[in-house]
Structure formats: structure tokens, C-alpha cells
Amino acid sequence: MSHAIDVTRPSVARMYDWLLGGKDNYASDRRACAQLLKLAPSTRDLALTNRLFLKRVVRVLAERHGVRQFLDHGSGLPTQDNVHQVAQCVSPSARVVYIDNDPMVLAHGRTLLDENDGTAVVQADMTDTDRIFKNEDVKRLIDFSQPVAALFVSVLHCLTDEEDPAGLVSRVAQRLSPGSFLVICQLTSDDAEFRAETTGFMQEATGRWGRVRERHEVDAFFHGTEVVHPGLLDVSQWLPDSDLAPRQRSSEWIEYGGVGRIR
């Protein structure tokens with residue numbers, strides 16, 4: 001089932017695209033970002049450092065842990081150095097499935113991946129685990145008897161508590177073989193007033209938002225896994241490539257998380 005692109009209402013994927021300097025966004029997205037940057041001036045820095053974390057973590061899992069299969073939940077719009085490009089740079093045999101329900105993501109992703117046999121874009125809500133695992137492209141590309149990295153990078157804050165992000169992570173983890181990995185980060189803040197203000201704004205603007213959470217809530221997503229060095233932290237500090245790697249200039253909120261290995 002396809003969905004029309006609503007250019008009048010901001011989309012989280014297109015807002016993120018604009019924050020990263022992309023061109024796949026509309027006036028509604030840019031207006032929402034301008035308002036968000038007034039609430040949280042560090043947001044563009046946060047988007048950039050989060051994207052760098054995604055690239056690092058995929059490279060580290062491919063190089064150091066031999067992971068050749070990636071399942072990217074809520075992947076967002078294609079940009080530079082996408083998951084398949086980073087993974088296939090390490091090993092051309094790497095296979096990547098992107099999962100998203102944003103119609104613009106699907107259109108752009110399928111165009112990008114048309115000639116890459118090791119990748120696919122699946123149109124599904126990331127909470128619909130049964131549908132995702134039964135999908136023909138997923139079954140064609142992913143061998144669940146072998147280690148898989150399931151990515152939930154900067155997406156779980158889009159889920160409400162009723163949508164049960166911890167339950168989603170657990171359902172996926174239960175279907176992965178031992179030695180697989182969960183990569184999870186989401187927006188957190190220690191300031192209750194700020195959490196409420198930004199959550200309210202994003203819910204009203206996009207209609208597809210859960211909430212900014214506290215760190216202990218993200219820690220719980222890793223229940224039952226062995227957390228990989230250097231632990232759970234602001235992801236800009238997760239194995240940075242150098243001391244000169246970008247950092248946020250302010251920290252109203254951070255992307256907090258890391259990597260857990262499934263025993």
C-alpha cells in the first residue's frame with residue numbers, strides 16, 4: 001500500500017535530511033526545523049554527530065566483528081555514506097535491508113538501490129516485526145542463522161510508550177542468532193521541562209513522535225544483551241575517529257546509546 005507525500009506537514013525524515021544539509025525536504029520541514037532550532041540550538045550538531053556515529057558503528061561491526069548483514073529500522077532518506085555503502089566498502093558481500101514507511105524514503109531509496117543486488121528497501125512500519133521478517137526481500141537477503149546487526153538509530157523517540165519501543169527491540173532480538181548486535185540510540189535529556197517542551201512541539205508538528213526519554217529508559221532497551229565497549233553514552237563519544245571528531249557545542253539533548261551483543 002503506497003501513501004501520498006504530504007508536503008504541507010513536516011516529516012521527521014525530511015527534517016533530518018534538512019539538518020544534514022540535504023535537498024529532499026519542503027518548506028514545511030524547513031519551518032519546523034527553524035522553530036526546533038530555537039528550542040534546541042544544538043539540534044543540527046546533534047544530527048551531524050549522530051550520522052557520523054551510524055557510519056562508525058557500521059564500519060566497526062563490519063571490520064572488527066565480521067558482520068555482513070544489517071537490518072536498518074526507520075532508515076530515513078538516503079544521504080552520503082549510507083549503511084550499505086559503508087558496509088560494502090568493508091566487504092562487497094554485505095547485505096542491507098532498509099525499513100521505512102515514509103513514501104519519500106521509499107521512492108528515493110529504491111532509485112538509489114536499483115542496481116545493488118545486496119540491498120533492498122522494505123515499506124513497513126518498523127513496529128510490524130512479523131510483516132518485516134516475512135517480507136520476501138528480507139528472506140532473500142538476510143540469513144537469520146548468521147549474525148545480524150539490527151539498527152535502531154535515532155528512531156525510537158518516534159514511538160510512543162503505547163507503541164512499546166522496548167517490546168519492539170525485544171521482539172527483534174528474540175529472532176536474531178547469538179552473536180548478533182543491537183545498535184540503539186535515541187534522544188535523551190536530563191531536563192524534564194525541556195523533554196516536555198520538545199516532545200509537545202514534535203508531536204504537534206509531525207504527528208509521528210513519541211517522546212524524548214531519560215537515559216535509564218534507553219539502558220532498559222539493552223536488557224539481556226552484553227553491552228559492547230565503550231558502553232552506553234553520548235554517541236558522539238562512541239569510538240570517535242580522532243580527538244578532533246565533532247562534538248555538540250551545547251547539550252540540551254543528546255543521542256544516547258550504543259551497541260549490545262546478543263548472547
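This is a predicted model: local features need pLDDT of at least 70, side-chain atom pairs count only at pLDDT 80 or more; totals for chains, interfaces and linings use all residues.
**Pockets, cores and cysteines**

Now the largest pocket. It holds about 1000 Å³ of space. Which residues are the closest to its centre? They are Ser11, Val12, Ala13, Asp102 and Arg208, out of 48 residues that line the largest pocket. In this lining, 24 residues are nonpolar, 13 are polar and eleven are charged. Several elements contribute at least two residues each: helix 1 (12–19), helix 3 (43–65), strand 1 (69–73), strand 2 (95–100) and helix 9 (192–206).

In soluble globular proteins, nonpolar side chains tend to be buried together. The largest nonpolar core here has 31 residues, and those that touch the most other members are Val97, Phe152, Leu156, Leu176, Leu182 and Ile184. Helix 8, residues 165–174, gives the most to this core, with four residues. There is also a second, separate core of 29 residues, with Leu61, Val96, Leu113 and Val228 among them.

Take isoleucine 184 as an example from the largest core. What does isoleucine 184 touch, not counting residues up to four places away in sequence? The list is Phe152, Leu156, Val169, Phe221, Phe222, Tyr256, Gly257 and Gly258.

Last, the cysteines. How many disulfides does the structure hold? The count is zero. A disulfide is a covalent bond between the sulfur atoms of two cysteines. For cysteine 33, the closest cysteine sulfur is in cysteine 158, 13 Å away, so the two are too far apart for a bond. For cysteine 158, the closest cysteine sulfur is in cysteine 185, and a bond is ruled out there too because 11 Å is too far. Are these two cysteines buried or exposed? Cysteine 33 is buried, with a relative accessible area of 1%, and cysteine 158 is buried as well, at 9%.

That is the end of my part.

Notes:
Residues are numbered from 1 along each chain as its sequence is written. Side-chain values use heavy atoms; hydrogens and water are left out. A disulfide is a pair of cysteine sulfur atoms within 2.5 Å. Buried means under 20% relative accessible area, exposed over 50%, partly exposed in between (1.4 Å probe, protein chains only). On a 1 Å grid over the protein atoms alone, a cavity is a set of points where a 1.4 Å probe fits but cannot get out, and a pocket is an open set with protein on both sides within 12 Å along at least five of seven lines; lining residues have an atom within 4 Å of a point. Grid points are joined across faces, edges and corners, and a volume is the space filled by probe spheres set on the points. Ala, Val, Leu, Ile, Met, Phe, Trp, Tyr, Cys and Pro count as nonpolar, Asp, Glu, Lys and Arg as charged, and the others, Gly among them, as polar. A nonpolar core is a set of buried Ala, Val, Leu, Ile, Met, Phe, Trp, Tyr and Cys residues joined through side-chain atoms within 4.5 Å. Contact means heavy atoms within 4.5 Å.
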